[in-house]
Every structure is written in C-alpha cells, then in structure tokens.
Amino acid sequence: MKELLVKVAQGLVENPEAVSVDVDEPNAEGVTVYHLHVSQEEMGRVIGRQGRIAKAIRVVMRAAASRTGDKISVEID
C-alpha cells in the first residue's frame, strides 16, 4: 500500500525525491493512517483545486485496501 501511495504522489510532483510516506500502527477501529509528505511548493499539485486530487488519491487507496480487507486513511502533511 505504501508503495502505491508513493508512486501516485511521485507522478504528480516535479521533485519525486521529496515524496515520503509514514505509516502509523492500526488504531482501535483497525484503521491504518498513511501520512504523505511532500515539499511545501508541491502541496498544491497534490491537493488540487478544491481538494479534488487529494480526494481521488484517498478513493484509490481505499479501493486498493478494500481488496485486502484493510481499512486505511490518507493524510497529506
């Protein structure tokens, strides 16, 4: 899952080396939180207008996680 998020984010930004992902342990509800980190200049590319790209990233990640029965959440830091 982490690799998928990294690949998606690297495809959106101009500086793919600045993309990193941290993964938290599952919480009480069983949700694993993925923290996506990009450079400050690239935040607009990852979030998109009115958050459309961020929403699309979250949808893709949730769909991929549902195939394995996992619950995930993506936060953009």
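This is a predicted model: local features need pLDDT of at least 70, side-chain atom pairs count only at pLDDT 80 or more; totals for chains, interfaces and linings use all residues.
A strand, in this report, is a run of at least two residues that DSSP marks as E, and strands are numbered from the N terminus.

**The overall layout**

Let's zoom out. The protein has three helices and three strands, and they follow one another in the pattern α-β-β-α-α-β as you read along the sequence. The radius of gyration is 12 Å, close to the 11 Å that the globule rule gives for 77 residues, so the protein is as compact as a globular protein of that length. Its C-alpha trace spans about 35 × 20 × 20 Å along the principal axes.

If you take the contacts with a separation of 6 or more, 51% of them join residues 24 or more positions apart.

**Inside the protein**

Buried residues make up 35% of the 77 residues. In soluble globular proteins, nonpolar side chains tend to be buried together. Here, the largest nonpolar core holds 18 residues, and L5, L36, V38 and V46 touch the most other members. The elements that give two or more residues to this core are α1 (2–12), β2 (31–37), α2 (43–47), α3 (52–68) and β3 (71–76). Of these, α3 gives the most, with four residues.

Leaving out residues up to four places away in sequence, V38 touches V13, A18, V19, M43, V46 and D77.

**Two residues side by side**

So is T32 buried or exposed, with its relative accessible area of 14%? T32 counts as buried, because 14% is under the 20% cut-off. E14 is another story: this residue sits in the loop between α1 and β1 (20–23). E14 is exposed, because its relative accessible area of 61% is over 50%.

| Residue | Relative accessible area | Contacts beyond four places in sequence |
|---|---|---|
| T32 | 14%, buried | V23, D24, P26, K71, I72 and S73 |
| E14 | 61%, exposed | E42 and R45 |

Definitions and conventions
Residues are numbered from 1 along each chain as its sequence is written. Side-chain values use heavy atoms; hydrogens and water are left out. The radius of gyration is taken over C-alpha atoms; the globule rule is 2.2 Å times the number of residues to the power 0.38. Buried means under 20% relative accessible area, exposed over 50%, partly exposed in between (1.4 Å probe, protein chains only). Contact means heavy atoms within 4.5 Å. A nonpolar core is a set of buried Ala, Val, Leu, Ile, Met, Phe, Trp, Tyr and Cys residues joined through side-chain atoms within 4.5 Å.
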